Amino acid sequence: MKKYVIGLDYGSDSVRAVLIDSQNGAELASEVFWYPRWKEQKYCRPEINQFRQHPLDHIEGLEHTVKSVVEQSGVDPETVRGICIDTTGSSPMPITKDGTPLAMIKRFEENPNAMMVLWKDHTAVEEANEINELARTWGGEDYTKFEGGIYSSEWFWAKILHVAREDKNVVANTYTWMEHCDFITYLIADDKDLTTFKRSRCAAGHKSMWHESWGGLPSKDFLKRLDPYLADLRDNLYDETFTSDQVAGYLNQEWAKRLGLTTKTVVAVGTFDAHAGAVGAKVDHHALVRVMGTSTCDIMVSSNEAVGDKTVKGICGQVDGSVIPGMVGLEAGQSAFGDVLAWFKNVLEWPLENLVMTSSVLSDQQKKDLKDEMESKFIRTLAEQAEQIPLTETVPVALDWVNGRRTPDANQELKSAIMGLSLGTKAPHIFKALVNAICFGAKMIVDRFEDEGVKIETVIGIGGVARKSPFIMQTLANVLNMPIKVAESDQAPALGAAIYAAVASGIYNNVIDASKVMGSDFEAEYFPQASQVEVYSKLMEAYKKLGTFVEDQTNKKK
């Protein structure tokens, strides 16, 4: 009998499901659902870096995508052996005692503080600073040491602390908080005991300061010094965590019916998208997997023997089993990658949106056609013209910190900057400067890993940017002075989630064996161009100088 698995990948804008043949990794069906409330930017205030999402967007997307791939494929539901969910993170949400998201309770349906706090929400900068200060000075265990030594406003405790201080009514009606990947897994699984439900090792270790050496989460004493609410909350969280090759439960009757599956389908422990993506791209020793979308997550794995007691400074954590059980997962990343270019696109589109689209001269159909043409050609045309600019021509220097800096050394208070503008600077020059900036940010991460003794021999790119922009990938190869392979799969994180599901459901013994059979092949490889490597090395020094200046000015304002 054929055996199939489903991987469900929640991104920032949409959720994607794939139905995979476990014997060869072939994708039989896929479906995407764009979040309608998020598309309207409900519950968001970009001017204060507030980004919240309603859980209904994710629940509706779950039902639509999974039901669709089952119907598209025509497979017997009895042959769908497992499902695994990956999500963005850290994206926690408040949950009531009966397991309901607070945002789905009357009186809280439109309250942003009752929503899921998306990974890119940076409203908790001050709270993250408090956590870092306490970790350095309180005289006990440094709970940040396995998370790069710096706790970020993008992460679990800082976000909860911010909401607790801003909205007492929300926390008074909240029993526990769950990461997005844990909640969706809990929603569809038959285990409904919040006290024993299997929480994600990946989420807990990288974002919640969970570590076996101190018995799980930070102590109540430490948390109480931040806020008594956090100490009380700890009692309603967890001590143990689990890797995604483990069974969280089976599909419950309600969701088996809604998805067109059976209660025999295994539900694997949830995980984060980038870590699943690394598995989908066949991550191995000394390989850096770059998941390149709106932001980036850079994932590596290492043996416990190689890492030992060493802590890598300035990254987003090192967690045993967060990628491949039995190996240490190392995470870094950039808070904005594709978002840097999307910001520039939005700036240049201002006349279109505010003048052309409001014009009475054009018909509605003409406006739609014009907008569609802009969407399809905008970035591509900019990239083509930027690529033609000779390296001898002056191009501005830019920073990639439009959404703060994730690594190395998290600092979400930092802002971007552009230097070297002149009357001769045109849109393609600025675009090229921004492409250079995101590649220089990547180089800073690679250098930090290597400075800390983590060897990198191979770089693998996955995600939309990797597959769709040869200009960016060639620039990245020149800046890193390393070859870069691009994974063939459009849905590497969803594929990685399916691989976890195949192991949890007993089709394979371990993640490595499963990934060798089911993981993505590679469709392209970019090699450094010797004539450009030296030029980019000099431009990199200008990037560093500008970054030092901006960071110094930011620190002076504190």
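Which residue stands opposite Gly329 in β15? Val319 does. This is a predicted model, in which local features need pLDDT of at least 70 and side-chain atom pairs count only at pLDDT 80 or more, while totals for chains, interfaces and linings use all residues. Residues are numbered from 1 along each chain as its sequence is written, and side-chain values use heavy atoms, with hydrogens and water left out.

The opening pair belongs to two strands, β14 (residues 318–320) and β15, which run antiparallel and are joined by three bridges. Helices (H or I, at least four residues) and strands (E, at least two) are DSSP runs, numbered from the N terminus. Two strands are said to pair if DSSP finds at least two bridges between them. β14 and β15 form a hairpin with six residues between them. In the turn, Gly321 has a positive phi of about 90 degrees.

Strand β15 covers residues 327–334, and eight of its eight residues are buried. Buried here means under 20% relative accessible area, exposed means over 50%, and partly exposed lies in between (1.4 Å probe, protein chains only). In a regular strand the side chains alternate between the two faces of the sheet. In β15, Met327, Gly329, Glu331 and Gly333 point one way, Val328, Leu330, Ala332 and Gln334 point the other way, and all are buried.

β15 also pairs with β13, in the antiparallel sense and over eight bridges. Here Cys297 stands opposite Gly333 in β15. Strand β13 spans residues 296–303 and contains Ile299. Ile299 is buried, with a relative accessible area of 0%. Contact means heavy atoms within 4.5 Å. Leaving aside residues up to four places away in sequence, Ile299 touches Ala274, His275, Ala278, Ala287, Leu288, Val289, Val323, Leu330 and Glu331. For one of these, Leu288, the C-alpha atom is separated from that of Ile299 by 5.8 Å, with the two residues eleven apart along the chain.

The next element to consider is helix α13, where Asp339 is found. Asp339 is buried, at a relative accessible area of 19%. Not counting residues up to four places away in sequence, Asp339 touches Lys120, Gly293 and Thr294.

Helix α13 (residues 338–348) gives the largest share of the nonpolar patch, three residues. Another member, Leu421, lies in the loop between β17 (418–419) and α16 (427–451). Leu421 is exposed, with a relative accessible area of 53%.

What is the burial of helix α16, mostly covered or mostly uncovered? Of its 25 residues, 20 are buried, and α16 is thus described as mostly covered. The expected span of a helix is 1.5 Å times one less than its number of residues. For α16 this gives 36 Å, and its end C-alpha atoms are 36 Å apart, which agrees. α16 is followed by Gly453, whose phi is positive, near 90 degrees.

Salt bridges complete the picture. A salt bridge is a side-chain nitrogen of Lys or Arg within 4 Å of a carboxyl oxygen of Asp or Glu, and by this rule the count comes to 35. One of them joins the side chains of Lys145 and Glu141 at 3.1 Å, N to O. Lys145 is partly exposed at 30% relative accessible area, and Glu141 is partly exposed at 31%. Lys455 and Glu457 meet in a salt bridge at 3.2 Å, N to O, and Glu457 is partly exposed at 47% relative accessibility.

Asp490 and Arg467 form a salt bridge at 2.2 Å, N to O. Asp490 lies in the loop between β19 (484–487) and α19 (492–504) and Arg467 lies in helix α17 (residues 464–468), so the pair ties together parts that are 23 residues apart in sequence. Asp490 is exposed, with a relative accessible area of 54%, whereas Arg467 is partly exposed at 27%. Elsewhere, salt bridges that share partners join Arg37, Asp57 and Glu60 into one network.
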